[in-house]
Amino acid sequence: MSAAAFGLFGREGALTVLSDAIDAGGSAIGVGEPGAGKSSLLKVAGQVAQRRGRRVLTVAPTQFERGLPFAGLAELVAQCPDGTDRDLPTPQRRALEVAMQRREPVGGEVDALAVPLAARGLLTRLCGDEPVTIIIDDLQWLDQATVGSLGFALRRMVVARERLSLLVASRPDPGAGADFIRVLPEPHYEFSLPPLADWAIGQVLRKRLGPRWTPPLSAGVAHASQGNPFLALMIAQAMQSDVSKWRWSAQQGHDPVFPVPPSLVGLLGEKVTLLPADARDVLLLNSAAGRLTVAQLRAIVDDEARVRRALDAAADWDVATVGAGSAVTFTHPMLASAVYDAAAPSERRRAHRVLAELLDDPVERARHRARSVTTPDEAVARELEQAAETSRSRGAQALAGELLEAAALATPTGTEQPGGLDRWLRAVDTYIDAGDRMAAQAALDKGAALAAAPLQQAKVLIRRLKLTDHFAGVRSLADEALQLAPRDTEVRAEILQILAMVHRMQGRGDDALEISHLATAEAAAVHRPDVELVALNNQMASEWHWAKGYPEATLREIERLADAGELGVRSLWVVWAHGFFAAWNDPNAEKWVRDGIAAAVEDGRYGDLSYLYICLVLILIRTSRVRDAQAALAEADRSGAWASSTFQEDMARALVNAYAGDLVTARELAHGAAERARASGSTYWLAGFLAQIGFAETSARNWPAALAALREVAEIFARTKMVELEQLLWAVDYADAALQLGELDDVEQAISFLRRQGNPSRPEATIAAGRCAALLTAARGDSHSALSDFVRVVSQPAAECPFEAARSQLALGQLYRRTGSKSRANEALRAAATAFAELGTPRWAERARDEADRLGVQSTKSALTETERRVAELVATGQSNQEVAAELFMSVKTVEANLTRIYRKLSVRSRRELATLAIKPDA
């Protein structure tokens, strides 16, 4: 059970504590500040408890209900099934109805003990019918009448421990419900919700607000919110709604100014107004700078007594303190923003002007200079431009983009100085490198109006091409840009490179190759090795996809460019050429890509990560390392890899989930992405996602749906003459589905596709073709010839990846069954089941097991009941008893009882021995 799967990040430990309390009974008590995520965590815990077959009763009081007697108890009772109170003694039932305002009191006051007794009776009855989990959020607001009644009931209840669990969350107030917590059922599990780490805040922002929140961008929000997820979301939403208020990305030792969320404006503003004017002036300098030391403040203010008075006042009003290294630190980062917002514009400009003259760092000086002027100034623009280059060299791409944007704004018009358009376009390119397509699009929209000459208009169109996902629109824009671009210019080379990519994506292989050659030649002629490198990658991809040209020679050209020193060997397209097109058993492919990922993060090129991580996932899937692919996907999520992704993220998730057996998720992702690819005009991506649908449906043994999707892939391949689809052996699934449905013409077509795909670098496709041909021969009635052909074809050790080798074992078992050799069929199918399970592909393990079971060969495993088999499958993968219970909706004790019988029937003594048997999960 993963907290991240529920949208909770950095809370794995807390969810584990709650899960243990749900399974074993007792109480889990969590403490966290407002906004720390207590309610979200308890909501997920409630879902987990329901999945495990428990009745869940939830009460979430507010401060307005604290004075209303029995408000919380009424909320709990309303969730009980009708008739739960029918066995209560009449005085208790009547007292409960009066307390719930369902009946008028009759004959004087109700006995004060009757309601607690009724609460105990209700809970005892509920726990007798089914396990119960009670969830209490914000205990500090629970009314005292409910606290007293529940406390009495819980302290005196007599039920089996695992039948009742209580999950409670409260604020860190020592007096909040302390007496109530003491009477909660044992054992007590305790946890706290500390501030979230930066990566977890980044995950929260990406999940809720979109992929642009890369680690550099989200780090500042994490600091400003002090790890509080609710406050982080408020800050980020304010940033997105009013970009003008927050610029300057976080960098080492300096904090950006963020917009104050509306709900905090009044509170923080009031605190700032209590400060003396001198203190506000001094603290404004600290706020504008991001952080200053006492010595720096003294040098700027040139009045030691004034600085001392200001810092004393800041400490007295709990606004700022002097911390480690004599740095002046605001007690809450939002107070820095409140001080900055409270100052008049002229005061802010004056503060920035002073800082620009006295700070040493060139980036800091430049950004303060920009904020100190109100009119364009070429000297300021040049200083900002130079600072951008410094930031880029430090790996701060987002900050470099902001500095270039400021330089463009500071550029005067109508002079002989270089135009601001080039600075705008460089800002766009830098934002794209940083993975912030939203900022790139905004900068392009601002600068585009300056494009007057045809060459300038072509440059703008190139950036629009880079930010457009609709391939039909890209081609139209590229054709327009090509008409505007003069010959023998780098602009023309860039456009040709983009056009080559578009033709490849639309399935026009000959055109893609021809234009790639033109783009490569023109880029070399104008000395643009970066454009030449991308064009060569397009050329190499087209050569692989259509089995034309000489991809190995193209790779040598790419290596020549890298060795010439003009491009880093870890740059995206050098890495891509070595990783994406590598054979499945290339020992260096993974290292190339992992080194490329490290370089991209170091340089702040988050825009490259989506390409690099889809490449890594493909490499791991090709080598049948499904669990490693799952880990790579989680790593990509944590690093903000999908900031500039279009289809790469969906492809990576669909691949991993399909192989790992989560076919519902894989189908949803692949179907949605296929429709987007169809709408965008991308034949390449459409074929890829249809192939994933085919694999998922083949894994589910939903043969008609698999055949429908794969027939469309076959039609695309026949129409476009494509040969390769990133080494995915989609035609094996095509043949499999067609064989199951008796569509033998389709099987022949699938074999022809595999034979076209097979070559000395792709022997696995040739073997797959032979395997499918043998199965086709058997389907036509000649099983013995088929078996002979099959053994000859697959007798090439280590030629297939482990997953395909397991499929060969599965096919061998099928052929043995056709020849009547049941024992050999059983042996092959059981071996296939074991291999599939060890690879982490449970659906295929299940298929092999089922085919073996249909043989009727006696096996000790057949002595297991269906429930015992499912328990054994899950335990064999390493799942705990609690996790098995959650998966199968049974209690932990039921799991333990089943395990005792399984061990006896299978003559094993431990989980380790059980794991060695061919009993693996189909989850």
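In this predicted model, I135 stands opposite L167 in β4. Strand β3 (residues 132–136) and strand β4 (residues 164–170) run parallel and are joined by five bridges.

**Three-stranded sheet**
- A further open sheet of three strands has the order β6-β8-β7, and its pairing is antiparallel.
- Its edge strands, β6 (292–293) and β7 (320–322), each pair on one side only.
- Two bridges link β6 with strand β8 (residues 327–330) in the antiparallel sense.
- T293 stands opposite A327 in β8.

**Helix pair α18 and α19**
- Helix α18 (residues 378–393) and helix α19 (residues 397–410) have axes that come within 8 Å and cross at roughly 170°.
- The two helices are therefore roughly antiparallel.
- The crossing of α18 and α19 is left-handed.
- On the α18 side, the contact involves E378, V380, A381, L384, E385, A387, A388, S391 and R392.
- On the α19 side, these residues meet Q397, L399, A400, L403, L404, A406, A407 and A410.
- The residues of this contact divide into 12 nonpolar, two polar and three charged.

Definitions and conventions: Residues numbered from 1 in each chain as written. Predicted model: local features only at pLDDT ≥ 70, side-chain atom pairs only at ≥ 80, totals over all residues. Heavy atoms only, no water. Axes fitted to C-alpha atoms, helices over the stretch in contact; angles between N-to-C directions. Helix = DSSP H or I, 4+ residues; strand = E, 2+ residues; numbered from the N terminus. Parallel < 35°, antiparallel > 145°, perpendicular 65-115°, else oblique. Left-handed = near helix turned anticlockwise from the far one by under 90°. Contact = heavy atoms within 4.5 Å. Nonpolar A, V, L, I, M, F, W, Y, C, P; charged D, E, K, R; others polar. Pairing = 2+ DSSP bridges.
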